[in-house]
Amino acid sequence: MLNKNIETFIGCDNDYQEAELVLFGAPFDSTTSFRPGTRFASKAMRGESFGIETYSPYQDKDLEDISVFDGGDLELIFGNTEKVLGQIEEYTSKIVTDGKIPVMIGGEHLVTLGAVRAVAKQYPDLHVVQFDAHADLREDYLGEPLSHATVIHRVWDILGDNRIFQFGIRSGDRSEFAWGKDRVFTNKFNLDGLEEVVEQLKGKPVYLTIDLDVLDPSVFPGTGTPEAGGISFMDLLHGILTASGLNIVACDVNELSPIYDQSGVSTAVACKVLRELLLAINTNQS
Ligand code: MN
Ligand code: MN
C-alpha cells in the first residue's frame, strides 16, 4: 500500500484518537509591532524538521515512542484579530475537552491568548510560565489592546495576580515592569529561579509559553524583535527539562520568523526546541 503525501512535524504522524499530544500551527502575525513573518513558522518547521532526528540523546527518548497528532495549520481569518483568537480558542478547546494536550506553533505571541482562553475554562486554577525576552505586559500598544506586546497583560486579565511566572525578560517599558511588580513574578535576564517555581507549582495546571526570542539573537536571529543578551540553546533546553516537572496541560512555541535567517539555523533551532518540549511533556504525563 502507498501512503498519502502529508507532511507532519517529524515523528508526529499518529492518529488523533490515540494521540496524547496535539500539535497545530496558528500562522498569525497581524499585530507584530516590528518585522512580520511568523506566519511562515509552522510550515517551515515541518519541512525543516526532517533535518533533525526523532531521537533525543539529552532525554534518551524518541518521538517515535510517543503519540503526537499533527493537525496542520489553522486557516485563520486575517484582518480580524478577535475572530482569529476565537478560532484558536475553539480548536484548543476541542483538544483539552478530549483530554489531550495542545502544543501550538505560532505565529506571533498574541496567539497564546486564544489558547489560554480555552485552557483556563477547562482548568480554572491555571498558571502560566513564560520564557521571553519581552515582558509583553503593556496595557495597550498604540491604543490597541490586542497585540503581541500586550499578550501577557491580557492573560493576566483572565487569571489575575500571582499566576504568571516570567523568565528571561530583558526588555519592556518602565511602566510595564512597574505594573507587573505586584501582579506577576518577573525573573529578568535568565531562567534562574525556575526550579523553585516548579516546586511551588507542583500539581497545579500550567500553560508553558515559549517565545523563542528568549534565545540570544546569535543563536536565534530569525525573529521579528531580536533582543541582545539572551540565553543559550543549552540554557533553554535545561529550562524545558526543569519545566517537565510541572503539570503542563498546554504549551506553545512562538515568534519564529524564518525569513529573517537565510541560513535556516533559527528554524533548525526551533525544531529542536519543539522536539525536546514534546518529549519533556510526555515524561510528565507518563
Ligand atoms: Mn512575547
Ligand atoms: Mn519576545
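1. Surface. Accessible areas here come from the Shrake-Rupley method with a 1.4 Å probe, and for residues only the protein chains shown count as cover. By that method the chain exposes about 11,900 Å². Carbon and sulfur atoms supply 49% of that area.

2. Ground rules. This is a predicted model: local features need pLDDT of at least 70, side-chain atom pairs count only at pLDDT 80 or more, and totals for chains, interfaces and linings use all residues. Residues are numbered from 1 along each chain as its sequence is written, chains are lettered from A and ligands numbered from 1 in the order in which they are written, and side-chain values use heavy atoms, with hydrogens and water left out.

3. Overall form. The chain holds eight helices and ten strands. These are DSSP runs numbered from the N terminus: helices are H or I with at least four residues, strands are E with at least two. The radius of gyration is 17 Å, close to the 19 Å that the globule rule gives for 286 residues, so the chain is as compact as a globular protein of that length. That radius is taken over C-alpha atoms, and the rule is 2.2 Å times the number of residues to the power 0.38. Along the principal axes, the C-alpha atoms fill a box of roughly 60 × 40 × 35 Å.

4. Of the 286 residues in the chain, 58% are buried. Buried means under 20% relative accessible area, exposed means over 50%, and partly exposed lies in between (1.4 Å probe, protein chains only). Contact means heavy atoms within 4.5 Å. Among contacts with a separation of 6 or more, 78% join residues 24 or more positions apart.

5. Strand 1. How many of the six residues of strand 1 are buried? Six of the six residues (21–26) are, so the strand is largely enclosed by the rest of the structure. One side carries Leu21, Leu23 and Gly25; the other carries Val22, Phe24 and Ala26. Both faces are covered.

6. Partners of strand 1. Strands pair if DSSP finds at least two bridges between them. Strand 1 pairs with strand 4 (residues 68–73) in the parallel sense, over four bridges. There, Leu23 stands opposite Asp70. Strand 1 also pairs in the parallel sense with strand 5 (residues 101–106), over six bridges. Gly25 has Ile105 as its bridge partner in strand 5.

7. The peptide bond from Gly106 to Gly107 is cis, with omega near 15°. Gly107 lies in the loop between strand 5 and helix 3 (111–122). His109 is found in the loop between strand 5 and helix 3 as well. His109 is buried, at a relative accessible area of 0%. Its side chain makes a polar contact with the side chain of Asp136 (3.0 Å). A polar contact is a pair of N or O atoms within 3.5 Å; within protein, one must be able to donate a hydrogen and the other to accept it, and residues adjacent in sequence count only if both atoms are side-chain atoms. Not counting residues up to four places away in sequence, His109 touches residues including His148, Asp211 and Glu255.

8. Helix 3. Nine of its twelve residues are buried, leaving helix 3 mostly covered. Among them are Val111, Leu113 and Val119. The buried residues of helix 3 pack against strand 1, helix 2 (81–97), strand 5, helix 4, strand 9 (205–211) and strand 10 (247–254).

9. Nonpolar cores. A nonpolar core is a set of buried Ala, Val, Leu, Ile, Met, Phe, Trp, Tyr and Cys residues joined through side-chain atoms within 4.5 Å. The largest has 52 residues, of which Phe9, Val129, Phe131, Leu212, Leu236 and Leu278 touch the most other members. Helix 8 (residues 265–285) gives the most to this core, with ten residues. A second, separate core of 37 residues includes Tyr16, Leu85, Val249 and Ala250.

10. Loop residues to check. Leu142 has a positive phi of about 55° although it is not a glycine. Leu142 sits in the loop between strand 6 (127–131) and helix 4 (151–159), and is exposed, with a relative accessible area of 80%. Phe189 also has a positive phi, near 75°. Its place is in the loop between strand 8 (185–188) and helix 6 (194–200). Phe189 is partly exposed, at 49% relative accessible area.

11. Gln59. Is Gln59 buried or exposed? Gln59 is buried, with a relative accessible area of 14%. Its loop runs between strand 2 (55–56) and strand 3 (61–62). The side chains of Gln59 and Glu276 make a polar contact (2.7 Å).
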